[in-house]
Amino acid sequence: MQAAQRLIVPLDVPTQAEALALVDRLPQVQFWKVGLELFVGSGPAILDQLKQRQKRIFLDLKFHDIPNTVAGACRSAARYGVDLLTLHATAGPEAMAAGVEAAQAGAAQAQVDPPQILAITVLTSLSPRTLALDLKVPLDLPDYALKMALMAQKSGTQGAVCSPQEAMQLRQVCGPEFVLVCPGVRPAWSQRGDQQRAMTPKSALHSGASFLVMGRPITQAADPAGAFLRVCEEMASNG
């Protein structure tokens with residue numbers, strides 16, 4: 001898979017007009033992430049626009065609710081024909097299993113390919129200290145992320161979202177087919193921002209990431225197209 005196919009760029013803007021301006025400014029980007037801000041602001045119309053431009057879509061809505069509600073949300077989201085869809089592992093195994101089954105049904109009803117369901121393990125904005133002291137999780141962060149990923153895999157999800165810091169262990173334990181999507185990826189030449197557990201693109205791929213999510217170093221660069229190319233070159237390099 002080429003580097004550009006493994007690099008997902010978030011559309012972290014509030015309106016469809018702003019999102020499409022960015023998409024049209026970066027035609028070389030093949031895979032876009034639509035998160036809560038844009039989806040709440042624009043609704044599903046942005047997904048239709050991306051599909052018309054033949055883009056792949058990571059619909060990152062992080063569903064977290066009781067099993068019946070998660071199932072309904074996944075069933076509806078799957079009808080949009082997106083490629084990746086997220087829910088929180090902390091919703092529990094019943095909710096994840098219900099979401100996977102409902103997504104299959106929703107996609108079949110709409111006659112589209114079903115999305116791959118990814119479980120959020122630990123948000124990359126959370127530090128080990130926050131997890132331990134504020135959230136009172138008794139496990140070390142890497143062990144907790146692995147526990148969430150294994151529970152998700154057993155529940156039928158096709159992959160997980162994790163920090164690149166945890167990707168190597170998850171890849172070793174969950175196997176080669178389990179999809180690992182890693183935000184918290186920053187080139188050495190960019191600012192880390194609010195990502196607490198960041199890694200360079202090349203290191204993240206070496207650690208086992210299937211796809212990388214990177215926004216601000218590209219979208220807020222003076223030359224977004226040049227920044228995207230620079231990241232792809234870094235990902236593809238042998239150094």
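This is a predicted model: local features need pLDDT of at least 70, side-chain atom pairs count only at pLDDT 80 or more; totals for chains, interfaces and linings use all residues.
How near do the axes of helix α4 and helix α5 come, and at what angle do they cross? Residues are numbered from 1 along each chain as its sequence is written, and side-chain values use heavy atoms, without hydrogens and water.

**View 1. Crossing of α4 and α5.** The axes of α4 (residues 67-78) and α5 (residues 93-110) come within 7 Å and cross at roughly 30°. Axes are lines fitted to C-alpha atoms, for helices over the stretch in contact, and angles run from 0 to 180 degrees between N-to-C directions. Helices are DSSP runs (H or I, at least four residues), numbered from the N terminus. The two helices are therefore roughly parallel (angles under 35 degrees). The crossing of α4 past α5 is right-handed, the near helix being turned clockwise from the far one by less than a right angle.

**View 2. Residues joining α4 and α5.** Contact means heavy atoms within 4.5 Å. Residues of α4 including Val70, Cys74 and Ala78 meet residues of α5, among them Ala95, Ala102 and Gln109.

**View 3. Cys162 and Cys182.** The structure holds zero disulfides (pairs of cysteine sulfur atoms within 2.5 Å). Cys162 is in no disulfide, and its nearest cysteine sulfur, that of Cys182, is 3.9 Å away. Cys162 is buried at a relative accessible area of 0%, where buried means under 20% relative accessible area (1.4 Å probe, protein chains only). Cys182 also counts as buried, at 0% relative accessibility.

Methods: Angles under 35 degrees count as roughly parallel, over 145 as roughly antiparallel, 65 to 115 as roughly perpendicular and the rest as oblique. Buried means under 20% relative accessible area, exposed over 50%, partly exposed in between (1.4 Å probe, protein chains only).
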